[in-house]
Amino acid sequence: MFLFLRILCIHILNSILRTVLVQESFDIVKKTRIDEMDMISELPEPILHHILSFLPFKQVARTCVLSKKWEETWRTYPVFKIDESILFPKDEWRYLDKRMKSLNYLEQTLRNRHFKDLVCMEKFRMKTKLFGEEFVSFVDRCICYAIGNNVKKLKLGIYSIGNDVKKMNLGILSKRWHELEFVLKSNRWYDLPPIVLCAKSIEVLKLRGCKLELPRKINVKLASLRRMHLVEVYSNSHVINNLLAGCPLIEEIGISNCEGIESVELFGLERLNDIMIADNMGLERVDMKKLNVSSLSIFQPLTIPFEINITICTNLKNLKFVEAYITDEWLCQLIYELPLLECLELCHCKELKRIKISSPSLKTFSIFGCMYVVELKIDTLNLTHFTYDGGMMFLCLNALALSNVDLSLFRSNTDTYWNAKFIELLAQFHKFSEMLSLRVSKNEEFIVSKELRQMIPSPLSSCKHLNLRIDTISQPFSIAKVVDELLWIAPHIKTLSIEYFLSGAFKKTSFEFSYKKPLVYEDEISSCGNSFPLSCWQYCIEKVKLEFNDCEGNSTKGYSLEGREFLEKIY
Amino acid sequence: MASSSSSSSTQVKKITLKAADGKHFEVEEPVAMEMETVKSFFVGNEDAMKDMVVPLLNVSSEHMPAILDFYRNHSEFRKRTPPPPAEEVKAFNEAFLENKSDEQLMEMIMAANFLNTKELLNFLTEAAANRIKNKSVEYVRAFFGIENDFTPEEEARIRAENEWAFDGLDED
């Protein structure tokens, strides 16, 4: 007690000394500005709070010494953002006992926060690692005061201590052995005070690194909660499902990197609109029933089989599965039950093989890295954007509104008919797409032999804009050859751009073609192959504009060529 | 047809605003409606627009042209598709703040608060915050001309109570 008083006296003395010095220098300033009015102090408190909201929290707190009016403004400031720069500046957690005294003042400030009628704490945020039991109970108390102040947004980020322990000086370590032991034993999660789960004022709750438990007598009552995000939280199904059932107004839920939760049940939450579930260890099952949710995203790497049940969620518009255990039949059935679905994204779903999708509402459909897909049947009248990144597959497409296609295929060396299949796949888009992006891993991948060109028609005879991206260039490489291939694939194309990396630099070459009329097939036999029903592009090409770009997109060179010159350059 | 469309374009409704010092400003209706205070003046009384002069008690005529210019440009930015590049908006905002003294900035904040326009108020309060960011207490006091009405003892007590905010300073 004596020691404490002494420290306090020294602090006060120091502060007085400092202020006296400051006061002197300030008086000089004041004389020069004596006529100016104290304008900012005339501003109403909400405006002052607004200005303060753009400043670092520590500086906000320092405004309390400006004047009496500003002290009052600080007392009613509705936001608290506490992080380690406030808790432990200059690594002071090494000397925790000393630091705790300073933190007691912080706690008092929080406790003495007084808000005028109907005003409550807007936001309380705390971001820290945990050091010792005394500090943990300090964190507990801070959270309780925030709840006592009817906080609306509560955000807690508790981080693991791992790296700092390694950096710790061993001498200090031995003296603080009991603390270190505490840290190592329970460093992973912070035991969230259960009172948080009964805080009626909370509208937004974001928790990281917390452990959620529910004592028997306590019922979850988060009557105002709109948004909840749990990250690296340890809990169990019982608590989570009680929690979800206790938030009648919830609109947005995110559960990611959590542990211990085996199943999540979402029933009858009428306002729930957005669900994100990602990478939760041990999660086996998600049940959704009677929800108005419009957006659902599930990312669960296949550690164990994972079950998703979605029933009567007819408002779903956006659906995303990443590394989720879903099967062809299940997906087909689900999409059938979603009359409003607009956007579907499937990534790395390894169980999918033959996908069949029929949806009149679907507008955007993307598939990435679903390695075992061999067949894709899409009947989607309103689809505008289609993206496929994966292996060769058989495609059956009915999508009259399709305007953007992005295809990226990897080649298996064992498939000798790859080129022919590739052309066949491209031909699926010939009726639909005006704009096509293609990505290939090597430049020789889409080379079509002379024989093949005579045998089959050009696959993209109505494509107008083509963009090709080549991942790796293998020699011999000639841009003219690539253009020749592409002009067979998409004859009478208007614009063509080719992007590639060559000797470490990104390059882009763009072409703009104009043609002589008519474009009707005139029964000519030519080297350009069977481009029926259009006439061979070589005979009607009129003018070509060329542009070379570097990595920043700057145009480096531009040319304009007559048709004949262009042909000479190509051959 | 042609005559009616041309007449409608020449007859853009104007609203007369009166600044605190009595000077009048004729402002196109959509620009005037950016200000909630002006808008609420006419709610349920749209016919009054022609002959009514709206008094703006807290806005000096010195700042009116700049404020109106802000509304015009930002409403154009909002309407444009595709949205303007961030640099263009930034360039306008920087030019807007250039040559504005701290005093002028404060007066404009009061004006924006009175006119009740969120966008302008947000923009100006952030600009004010940027001018004092990471500055010392003494600097901030002098900067805004705040009179310190604490006795040295009182100030020392407050500093001690908030000691956690004064250690480990990283001020400019």
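**Salt bridges, helix packing and domains**

The side chains of B:Glu154 and A:Lys68 meet in a salt bridge, with an N to O distance of 3.9 Å. This pair crosses between chains. B:Glu154 lies in helix α9 of chain B, which spans residues 152–161. A:Lys68 lies in helix α5 of chain A. The model is predicted. Side chains of opposite charge can pair when their charged atoms come close. Over all chains, the structure holds 24 salt bridges.

Helix α5 of chain A also packs against a helix of its own chain. It covers residues 68–75, and its axis comes within 10 Å of the axis of helix α3 of chain A, residues 45–52. The two axes cross at roughly 75 degrees. Angles of 65 to 115 degrees count as roughly perpendicular, and α3(A) and α5(A) are therefore roughly perpendicular to each other. On the α3(A) side, the contact is made by A:Glu45, A:Leu48, A:His49 and A:Leu52. On the α5(A) side, A:Lys69, A:Trp70, A:Glu72 and A:Thr73 take part. By class, the residues of this contact divide into three nonpolar, two polar and three charged.

Chain B is divided into two parts: domain 1 covers residues 2–132, and domain 2 covers residues 137–166. Their centres, taken over C-alpha atoms, are separated by 37 Å. Four residues of domain 1 of chain B are in contact with four residues of domain 2 of chain B. Between them, the two domains bury about 400 Å². Carbon and sulfur atoms account for 82% of that area. How many salt bridges does the rule find across the interface of domain 1 and domain 2 of chain B? The count there is zero.

Definitions and conventions: Residues are numbered from 1 along each chain as its sequence is written. Chains are lettered from A and ligands numbered from 1 in the order in which they are written. This is a predicted model: local features need pLDDT of at least 70, side-chain atom pairs count only at pLDDT 80 or more; totals for chains, interfaces and linings use all residues. Side-chain values use heavy atoms; hydrogens and water are left out. Axes are lines fitted to C-alpha atoms, for helices over the stretch in contact, and angles run from 0 to 180 degrees between N-to-C directions. Helices (H or I, at least four residues) and strands (E, at least two) are DSSP runs, numbered from the N terminus. Angles under 35 degrees count as roughly parallel, over 145 as roughly antiparallel, 65 to 115 as roughly perpendicular and the rest as oblique. Contact means heavy atoms within 4.5 Å. Ala, Val, Leu, Ile, Met, Phe, Trp, Tyr, Cys and Pro count as nonpolar, Asp, Glu, Lys and Arg as charged, and the others, Gly among them, as polar. Domain bounds come from an automatic or database domain assignment. Buried area is the accessible area (1.4 Å probe) that two parts lose on being put together, summed over both. A salt bridge is a side-chain nitrogen of Lys or Arg within 4 Å of a carboxyl oxygen of Asp or Glu.
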